[in-house]
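Good morning, colleagues. I would ask you to look at the model on the screen while I go through a few of its local features.

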Amino acid sequence: MPVHDGVRRSFLLGALSAGLVVVGCGKGAIARPEAPGSGKDDDEKPEEKVSPPEDLMREHGVLNRILLIYDESARRLDAGETLPIDVVARSADIIRRFIEQYHEKLEETFLFPRFEKANQLVDLVATLRRQHLAGRRLTGTIQRLATAAAIQRPSDRAELTQNLRQFTRMYRPHEAREDTVLFPAFRRIVPPKEFDALGEQFEDKEHELFGKEGFEGIVQQVSVLERQLGTYDLDQFTPT
């Protein structure tokens with residue numbers, strides 16, 4: 001092999017290994033850096049696809065974190081300890097906006113009617129519907145009583161504590177039954193194409209109601225409340 005051919009070959013191999021693209025051929029060939037994102041490894045990742053049950057179960061995670069806020073708030077009310085009552089009020093607002101007016105509306109619009117039409121899990125669905133209504137009544141009372149003035153009155157303080165406890169007592173088994181029975185069965189009664197389309201509908205509705213941050217923005221709001229109340233540090237719940 002002629003010496004100049006060997007030199008050119010070495011240059012080309014070095015350029016490729018350095019991420020350069022050779023443009024043209026022969027003596028006029030030049031090397032330039034490859035544009036970011038032009039290689040297969042750098043392709044933009046497709047938008048995350050979340051199935052309807054997974055979406056709903058993530059939202060149950062938000063609900064669970066607020067149930068913990070309610071638990072701690074009820075404990076402090078019972079013990080006569082200091083409680084930043086605005087944490088309860090803002091938590092109830094998230095329950096109203098994100099859980100009742102969004103999450104539960106999705107279930108009532110897109111899930112429950114399909115089970116009723118298919119004549120499957122109809123008793124469970126009927127109970128879940130009743131509990132949604134009961135939850136909204138409890139939230140209304142919690143919002144009314146979660147004020148600095150109300151918790152100074154013993155009767156209002158006791159009523160607020162009772163409603164917080166009734167809410168958590170109902171929703172823990174409620175969401176557990178949905179996660180382990182209703183949501184797994186939903187995939188079986190909905191055609192795959194329709195199932196995927198519902199996931200996109202859920203996502204669109206989420207961003208329509210809660211902005212581009214959507215679910216992640218709600219999680220951040222809950223985190224702020226947890227820090228204010230003192231329930232954010234996960235390690236505090238680890239047995240010693």
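There are 18 salt bridges in this structure, where a salt bridge is a side-chain nitrogen of Lys or Arg within 4 Å of a carboxyl oxygen of Asp or Glu. Please bear in mind that this is a predicted model, in which local features need pLDDT of at least 70 and side-chain atom pairs count only at pLDDT 80 or more, while totals for chains, interfaces and linings use all residues. Residues are numbered from 1 along each chain as its sequence is written, and side-chain values use heavy atoms, with hydrogens and water left out.

Let me take three of these pairs. In general, side chains of opposite charge can pair when their charged atoms come close.

Arg165 and Asp78 form a salt bridge at 2.5 Å, N to O. Because Arg165 belongs to helix H5 (residues 154-189) and Asp78 to helix H2 (residues 52-79), this pair ties together parts that are 87 residues apart in sequence. Helices here are DSSP runs of H or I, at least four residues, numbered from the N terminus. Asp78 is exposed at 51% relative accessibility, whereas Arg165 is partly exposed at 39%. For these terms, buried means under 20% relative accessible area, exposed over 50%, and partly exposed in between, with a 1.4 Å probe and protein chains only.

Glu159 and Arg144 make a further salt bridge, at 3.4 Å, N to O. This pair links distant parts of the chain, with Glu159 in helix H5 and Arg144 in helix H4, 15 residues apart. Glu159 is partly exposed, at 28%.

I turn now to the backbone. Most residues other than glycine have a negative phi. Asn119, although not a glycine, has a positive phi of about 55 degrees. Asn119 sits in the loop between helix H3 (85-118) and helix H4 (122-145), and is exposed at 61%. Leu121, in the loop between H3 and H4, also has a positive phi of about 55 degrees without being a glycine. Leu121 is partly exposed, at 31%.

Finally, is Ser223 buried or exposed? Ser223, in helix H7 (residues 214-229), is buried, with a relative accessible area of 5%. Leaving aside residues up to four places away in sequence, Ser223 touches Arg65 and Tyr232, contact meaning heavy atoms within 4.5 Å.

Methods:
Helices (H or I, at least four residues) and strands (E, at least two) are DSSP runs, numbered from the N terminus.
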